[in-house]
Amino acid sequence: MNTTFKYKLGLYEKSMPPEIGIHEKLKETRKAGFDFMELSIDETDEKLARLKWDREERRKVSHAIWESGVPIKTLCLSGNRKYPLGSESPAVRKRGMEIMEDAIQLAGDLGIRIIQIAGYDEYYAPSNSTTRTNFEKNLKEAVELASREGVILAFETMETDFLNTVSKAMEHIHRIDSPYLQIYPDIGNISNAALADGHSLTLDIAAGRGHMAAMHLKETLPGRYREIPYGTGHVNFQKTVGIVRELGVSLFVGEFWYTGSSNWREDLSRAADFLRTAIRNSTGEVI
């Protein structure tokens, strides 16, 4: 294996205080030692409103990207958790598809390459055969929309049984069979799933060969999925990054959350150091 590994490490937007603007967040991303920022469109009204930014608002974001020198390469679209594509409610499914279409257009306008989509057919209501059928139908339509903008939709592996492993995501990818549907797994979620189900994490990751667009680097503990500081959980970052590197993955995002700490800038820098050390130790010399 060549010991020289060139990669990009991004920062999840929600690791920073919500009250600061995107321009400032981009600058903080660079100061902390990350290469790019991942934009968040979650289920809150504030974040969903971004999908309706007018031409001038989009121009301002594009200007901030160029002025700061920090790109927004990826978009985490978790807004469909509230408006899932598989919902039994026609109104909810319609809203979910509107969110998906608007997110694809926003990504196209801002030069975002990858939209990480939530692997939920339903979240706040039970999953069943109807929700799974609805999800598959709307997923196919969403991929067709993305193909027209040249934007990749990539599954996030979630904390629910519907799509908590790479192997499960690959079942949908094989059925749709499009270059615009790939996988963007969450290292913490798939580590929890492997431990809970007793399957091999290495083999599960290997199932995504040729279809893995990026990886979320998030710390977890068994049964716990959020707000676990790096180095205090059970995720083996060094081993897992080494596996996905062999699969051709070189785009990573540190996913963690701002929780009100006044030392959040130091938290960002510590996270960058932790993740770059893990990547370096998994691959040898890193550039």
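In the predicted model described here, strand β4 (114-118) and helix α5 (129-149) each contribute at least two residues to the lining of the largest cavity; helices (H or I, at least four residues) and strands (E, at least two) are DSSP runs, numbered from the N terminus. The lining consists of Asn80, Pro84, Leu85, Met100, Ile117, Ala118, Tyr120, Phe135 and Leu139. A cavity is defined on a 1 Å grid over the protein atoms alone as a set of points where a 1.4 Å probe fits but cannot get out, and lining residues have an atom within 4 Å of a point. The search of the whole structure returned 1 cavity of 30 Å³ or more, and the space in the largest cavity amounts to about 60 Å³. Grid points are joined across faces, edges and corners, and a volume is the space filled by probe spheres set on the points.

Because this is a predicted model, local features need pLDDT of at least 70 and side-chain atom pairs count only at pLDDT 80 or more, whereas totals for chains, interfaces and linings use all residues. Residues are numbered from 1 along each chain as its sequence is written, and side-chain values use heavy atoms, with hydrogens and water left out.

Strand β4 is mostly covered, with 5 of its 5 residues buried; buried denotes under 20% relative accessible area, exposed over 50%, and partly exposed in between (1.4 Å probe, protein chains only). In a regular strand the side chains alternate between the two faces of the sheet. Strand β3 (residues 72-77) runs parallel to β4 and is joined to it by 4 bridges, with Leu75 opposite Ile115. The chain passes from β3 to β4 through helix α4 (residues 90-110) in a right-handed β-α-β crossover; right-handed means that, with the strands pointing away from the viewer, the path from the first strand over the helix to the second runs clockwise. Strand β4 also pairs with β5 in the parallel sense over 5 bridges, where pairing requires that DSSP finds at least two bridges between the strands. Ile115 stands opposite Leu153 of β5, and β4, α5 and β5 form a right-handed β-α-β unit.

Parallel pairing links β8 to strand β1 (residues 8-12) over 4 bridges, and to strand β7 (residues 215-217) over 3 bridges. Gly254 of β8 is the bridge partner of Leu11, and Leu217 also stands opposite Gly254. A right-handed β-α-β unit is made by β7, helix α9 (residues 237-246) and β8.

Helix α7 (residues 187-197) is mostly covered, as 8 of its 11 residues are buried. These are Ile187, Gly188, Asn189, Ile190, Ser191, Asn192, Ala193 and Ala194. The elements covering the buried residues of α7 include β5 (152-156), α6 (166-176), α8 (201-206), β7 and α9. At the start of the helix, a side-chain oxygen of Asp186 comes within 2.8 Å of the backbone nitrogen of Gly188. Just after α7, Gly198 adopts a positive phi of about 80°.

Thr29, located in helix α1 (residues 22-32), is counted as buried because its relative accessibility is 0%. A polar atom of the Thr29 side chain lies 2.8 Å from the backbone oxygen of Lys25. Not counting residues up to four places away in sequence, Thr29 touches Leu11, Met16, Phe34, Phe36, Met37 and Val70, contact being defined as heavy atoms within 4.5 Å. In the loop between β1 and α1, Ile20 is also counted as buried because its relative accessibility is 13%. With neighbours within four places in sequence left aside, Ile20 is in contact with Lys25 and Trp264.

Positive phi values in residues other than glycine occur at Asp177, near 55°, and at Glu227, near 60°. Asp177 is placed in the loop between α6 and β6 (181-183) and counts as exposed because its relative accessibility is 65%. Glu227 is found in the loop between β7 and α9 and is partly exposed, with a relative accessible area of 47%.

Definitions and conventions: A polar contact is a pair of N or O atoms within 3.5 Å; within protein, one must be able to donate a hydrogen and the other to accept it, and residues adjacent in sequence count only if both atoms are side-chain atoms. On a 1 Å grid over the protein atoms alone, a cavity is a set of points where a 1.4 Å probe fits but cannot get out, and a pocket is an open set with protein on both sides within 12 Å along at least five of seven lines; lining residues have an atom within 4 Å of a point.
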